[in-house]
Amino acid sequence: MKKPGHYFSRSSLTVLMYCLFSLSTASADEVTVLKTGLGDDAIVYGLELDDTSTALLNQDDYSITATGDSSGDMDNTSFAVYGLYSLANGRLTNQGAIKIYSVGGSAISSSSFAEADLASSGIYSSDALTNSGAVSVTITGSSAEAGTSASAEVTGYGLNAASVSNSGTIALSLSGGIASGDSSAAASTSGAGIYSAGSVTNSGAISIESTGGSATSSSGAASSSGAATADSTLYGIAAEGDITNSGTISIDASGGTATSSAAEASAALTAYGIYDLTDGATVTNQGTISVTAKGGTAGGTTSAAATTAAGIISSGTVANTATLTITASGASGASDAETAATSGYGILTSAAVSNSGTISTTISGASSATTAVTTAYGISAGSTTANSGTIAVTATGASDSTTAAVNAYGLNATDSVSNSGSITVSASAGSGSDEVETTAYGIFSASTVSNSGNISVAATGSADATTADTTAYGISTTDTVTNSGTIAVSVSAANAADSATAYGIFSSAAVTNSGTINVAASNSSASGSSTAYGISATDNVSNSGSIAVSADSNAYGIFLDGTELTLSNSGSISVSAGTEAYEVYISSGSTVSLVDSYTLTLDGDATIGSIYIADSATLSLNDVTLDLVSGDDFSWNTAYSIFAGSGDVVGSFGSVSVLNPNVVVGYDDQDTLSSSDDTVTLTYAPSSSPFLESVNQLHSTLNLFSGLLNQHLANQYLETTGNAPRRFSAGGVINSYEDSEDLPEMNFFLIPFMSSSTLDSSNGGYDSSQHGFIVGFQDQYQDSFFGYHLGYSQGSVDFNGTGFSANSEDQSVLFAGFHSLVEQDQGIIRGQLNGFYSSHDYAGRTGLSLDSREQADYNSFGISGELMAGYPLTNEALLVLPEIGLSYQWIYRQGFTTDAEDSAWDTHVGELNEHQLALVSSLGWRTNVQNGATMLTPHLAVGMRCLLTDNEIKIDQSVVGSGTSQVSSAVDDLSWTVAAGIEAHGQLHSLELAFNGEYGDETSTNSVWLLFHARFF
C-alpha cells in the first residue's frame, strides 16, 4: 500500500480550481467535473487549497468522473483524482457529498515499461479533517502491457488526513487492473476508508468492496523481486494514533491473480477493519465490523498467496464492546511450488485486550498448494486479556495440498488471561492433503489463566492424509490455571495415521478446578489412536469440580508429571476408554501426596484400580479421607481395587465414607503392609427411611383427628343433661338458661386447627406442620349422641438427620366417619369409626453422594377407630370425667418406586400393611363461670396412650442391583396427652378455643383449634 499523499508529481493539468468556500450557512452548490483521455501522471481536483489557506468549511457537493486514455498510443496512462485536496494550515471541515468515479485506460509498450496506475482520494488534508458528508470513491483499474515491466495498480482512500473526525458515510469500490509484462507485472490493489497520520474518531458507516487485479509475467527474470504481483491491501480505518470507532465498518475483498512462468508470483490479500500503525496507540471500538476476504490465485516457480483478514489490528491496547465478524477463504494455487497461508483475527495486538463484544472468525484454507497453513484467532494479545463476551472461531484446513496445518485459537495471549464469556472453537483438517496437523485451543497463554466462562473446543482430523496429528485444548498454559467454568473438548479422527489427543486443561504449573470438564477423543479407524486428558499438570492439582473423560484408546482424569506434587479431589472424576482408563495417572518418577480428601468414583472393571502409579512413582495417602461416589456401571457388594501400577503407595487413608446414610462401606486392607492392594465394597443397608417416618406422621395426624372429636364429644356430654343444660358452677351461680326445658336436638360443629409435630431420632426424624378442619352433624337424644363427620388436613414434612435434610414430603389426608356417645347406667360409652385416604408428594436426594434428585407420588388408606368408657363425677362446682378404652389404626400402602435423575438409584419401597392397637385413658375436668350474659366454661384433660401391639414399623427397600433390605422404625409405645381450653356459649351457640398436645420419648405434637358449635331444630 502506497504512502498516502500526492500520488504523482503535479502536472500542468489542473482541470479545475473551484474555490467556493464559505463560513456562512448558505445553501450548498453542486460541482461536476468530467475528464477523459488522462495519463502521464495527471491529477484531477474537485477543489485544491494551497498552504496559504486557513481553516475552512465546505458545504458543496462534488462529483468527479475521470477516464484514462484507452487509445493504446500511450505507455503511461496513470492519473490521480482528489475530491478535496488541502494543504491549508488548519482544520478542514466538510459537509458536502464527494463522489469520484475513476476508470482506467490502457498503457502499451512493446519494448519497455508500461504504467497504468490509478489513485483516488475523496478528501486529502495535510492538517486535521472533520467530515460529516457522504464520500464515495469508485475505481476501475487500467490495463498495462509491456515488453519488460508493466504496472496497473489501484489505490483508493475515502479520507486521508493528519487527524480525522468522521460522522459521514464512506464507500469505496475498487476493481484491480490488468498487467502483463515479459519480465515483471504488478497489478496490486489497496485502499482505506480512513487513513490518518494521527488519531481517528469515527461514527460513520464505512464500506469497502474490492476485487484484485491480474498480473502475468510470461518469461520472468531470476533477479526480479516480484515477477508477478497482484496483492490486495484494504483497511476500514488505518491510523498512526489512537482510534475510536462507533460506526459500522464493512469490507468485502477478493484477491487477485498472479502468474509467472519462470519467477515468483504473489497474490496476497490483506483486509483489516481497523489497523493501528503506532506502538502504544489505543483502539476503542463500539461499532460493528465485518470483514470478508476471498483469496486470490498465484502460480509461479515460487509463489505465495497469503490471505489475512482481521477485525482489529493494533500495537496498543484494544477495548471492544461490539460485534466483529471475520470471514476468510484461502487462495487457490496453480503450481506445485506454491505456499498459501490463510489467517483470520478478531483482534490482534501486542498489548492488552478487553472484550465484552461478540467475535466470530471463520477461516477456510487454500487449495492445491504445496504448503497450506490455516490459522484463526478470536483474540491474540501480547499482554493481559479480559474477555466477557462471546468468541466463536472456526478453521477449516486446505484441500488437495501436500502439507497442511490448521490452527484455531479462541483466545491467545502471552500474559495473564481472565475469561467469563463464551468461547467456541472448531478446527477441521480439510481433505485431499498428504500431511495434516490440526490444533485447536480454547485459551492459549504463556501466563496465568482464570476461567469462569464456557469453553467448547472441537477438532476433526483428516480421513485421507498419509500423516496426521489432531490435538485440542480447552486451556493450555505454562502457568497456573483456575477454572470455575465449563470446558468441553472433543477430538475425532478417522485415520490409522492420525493421533487424536484432547486436553481439558494442560498446564506446566498448578491447576485449581471447581468447574465442569468434559473431554472426549475418538478415532474411527480400528488401528488409529486417541487419548484424552481431563487435567494434565506438572504441579499441584486441586479439583472440586466434575471431570468426565472418554477415549477410544486411553483416558486420564488427572495426569500428573512432577516431583513433590499435591493432589486434592473432592469432585467427581469419570473415565472410560477402550485400552486404559484411570481417574489419576502418576507418571514415572513423580512423587505425589494426597491432601484434604480424595473422592473415588466406583465404576468400570472392579479388578482394575482407579489411581495408576507408574514404575518409580510414589503416592502418599497422607491419612486423608477417602470419599466414595458411584459411576454409571457401579455394582453393589463388589470389591473395587483402588490402585494400579507398579509404583509405591505409602501410608493409609484416615477414614472412608459415603454421604448416603443408606450405604455401608467395607474397606479391606488385605492384611498386607502396603496399601496398593486395598479394596472397598459398598452394601445397600438403610437404617432409616423417610418412607417410614412419613407413616409416623400419618399416625400423628390420625391421632389428632380422633383427639379433637373425643374432646368435642366429652365437652358436649358434660355441657348438657338430657335436652337441658347441666346445673353446676364454680361460683354457685346457676346457668342463665337453666329454665329451658328443651334444647334443640340437632347439632352442627366446625373445628379448624393448626398443628406441628416433631420426631427426634438418632437415625432420622422430621419436623412437620399441618392445618385443616373437621366438620360434623349430630343428633342428641337425652344424654346420647350420634353423628357424622368429615375432616381434611394438609401439611408438609421436613425430614432431618444425616443425609436426609434435603428430603421433604407434602401430605394431604381426607378423613370421614361417624361417632356416637351413649349414657348407660350413669356411665357413658363413646366411640368413632373412620376411613381415611392420604396422598403423599415426596422429593429428596439420592445417589452415593446425594447428587441425584428423586421424587415419588404415592397413596395410602386405612381405618381408624376408638371405643371409650367413662363415669362422670359431679358436684355443684365442677364435673370430672375419667375414661379408659382402646384405639385402633390400620394403614395400608402399596409398593412403589421413586423416580431418580439417575435411574440406577430409583428406590423401590415395598408394601406396607400396618396395624396398631393402643390402650388409651383420659381424665377430664370442667366448670362453669358466669360472666354477665355469657357462660364461660374452662376445661382440662390429661391422658395416656399405651401401645399394645409391636412398636416397630417395617418395610422392604432396595435400589437397582442392591438386593432387598428391611428397614424398621420404632414408634413411641407410651405417650402422654394433654388438652386445655375455654368455651363461651349461649343457649344455641358456643365458641371454644383449645390446645391439644401429645408427647412421647421421640415424638411430640402441639395443636391449637377453634370450635364453633350450633344447635338447631
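Guide: In what follows, a residue is buried under 20% relative accessible area, exposed over 50%, and partly exposed in between. The model discussed here is predicted.

Visitor: Is aspartate 252 buried, exposed or partly exposed?
Guide: The relative accessible area of aspartate 252 is 33%. Buried requires under 20% and exposed over 50%. Because 33% falls in between, aspartate 252 is partly exposed.

Visitor: Which residue forms a salt bridge with aspartate 252?
Guide: Aspartate 252 lies in strand β25 (residues 249-254), and its partner in strand β30 (residues 289-294), so the pair ties together parts that are 42 residues apart in sequence. The N to O distance is 2.7 Å, and the partner is lysine 294.

Visitor: How many salt bridges does the structure hold?
Guide: Among them are the pair of aspartate 252 and lysine 294, the pair of glutamate 998 and arginine 945, and the pair of lysine 954 and glutamate 952. The number of salt bridges in the structure is 6.

Visitor: Are glutamate 998 and arginine 945 buried or exposed?
Guide: Their side chains meet in a salt bridge of 3.0 Å, N to O. This pair links distant parts of the chain, with glutamate 998 in strand β91 and arginine 945 in strand β87 (residues 934-947), 53 residues apart. The relative accessible area is 17% for glutamate 998 and 14% for arginine 945. Because buried means under 20%, glutamate 998 and arginine 945 are buried.

Visitor: How far apart are the closest N and O atoms of lysine 954 and glutamate 952?
Guide: Lysine 954 is partly exposed at 39% relative accessibility, and glutamate 952 is partly exposed at 31%. A salt bridge needs the nitrogen within 4 Å of the oxygen. The two residues form a salt bridge, with their closest N and O atoms apart by 3.8 Å.

Visitor: Which side chain is joined to that of glutamate 854 by a polar contact of 2.7 Å?
Guide: Glutamate 854 lies in strand β79 (residues 852-870). Beyond four places in sequence, the residues it touches include Tyr842, Arg845, Asp899, Trp905 and Thr907. The polar contact of 2.7 Å is with threonine 898.

Visitor: What accessible area do the residues of the nonpolar surface patch have together?
Guide: The patch is formed by Leu750, Phe773, Ile982, Leu991, Leu993, Leu1010 and Phe1012. The elements that give two or more residues to the patch are β91 (989-1000) and β92 (1003-1016). Together the patch residues have an accessible area of about 570 Å².

Visitor: What is the relative accessible area of valine 457?
Guide: Valine 457 is found in strand β48 (residues 454-460). Leaving aside neighbours within four places in sequence, its contacts include Val425, Tyr441, Tyr473 and Val489. Valine 457 is buried, with a relative accessible area of 2%.

Visitor: Is serine 175 buried or partly exposed?
Guide: Serine 175 is found in strand β15 (residues 170-175). Not counting residues up to four places away in sequence, serine 175 touches Ile139, Thr140, Gly141, Val154 and Thr211. At 28% relative accessibility, serine 175 is partly exposed.

Visitor: What is the phi of asparagine 622 near?
Guide: Most residues other than glycine have a negative phi. Asparagine 622, in the loop between β64 (618-620) and β65 (625-630), is partly exposed at 44%. Its phi is a positive value in a residue other than glycine, near 60°.

Visitor: Where is aspartate 41?
Guide: Aspartate 41 is not a glycine, yet its phi is positive, about 60°. Its place is in the loop between β1 (30-38) and β2 (42-49).

Note on methods
Residues are numbered from 1 along each chain as its sequence is written. This is a predicted model: local features need pLDDT of at least 70, side-chain atom pairs count only at pLDDT 80 or more; totals for chains, interfaces and linings use all residues. Side-chain values use heavy atoms; hydrogens and water are left out. Helices (H or I, at least four residues) and strands (E, at least two) are DSSP runs, numbered from the N terminus. A polar contact is a pair of N or O atoms within 3.5 Å; within protein, one must be able to donate a hydrogen and the other to accept it, and residues adjacent in sequence count only if both atoms are side-chain atoms. Contact means heavy atoms within 4.5 Å. Patches are made of residues with over 30% relative accessible area and no salt bridge: like charges are joined within 9 Å, nonpolar side chains (Val, Leu, Ile, Met, Phe, Trp, Tyr) within 5 Å. Accessible areas come from the Shrake-Rupley method with a 1.4 Å probe; for residues, only the protein chains shown count as cover. Buried means under 20% relative accessible area, exposed over 50%, partly exposed in between (1.4 Å probe, protein chains only).
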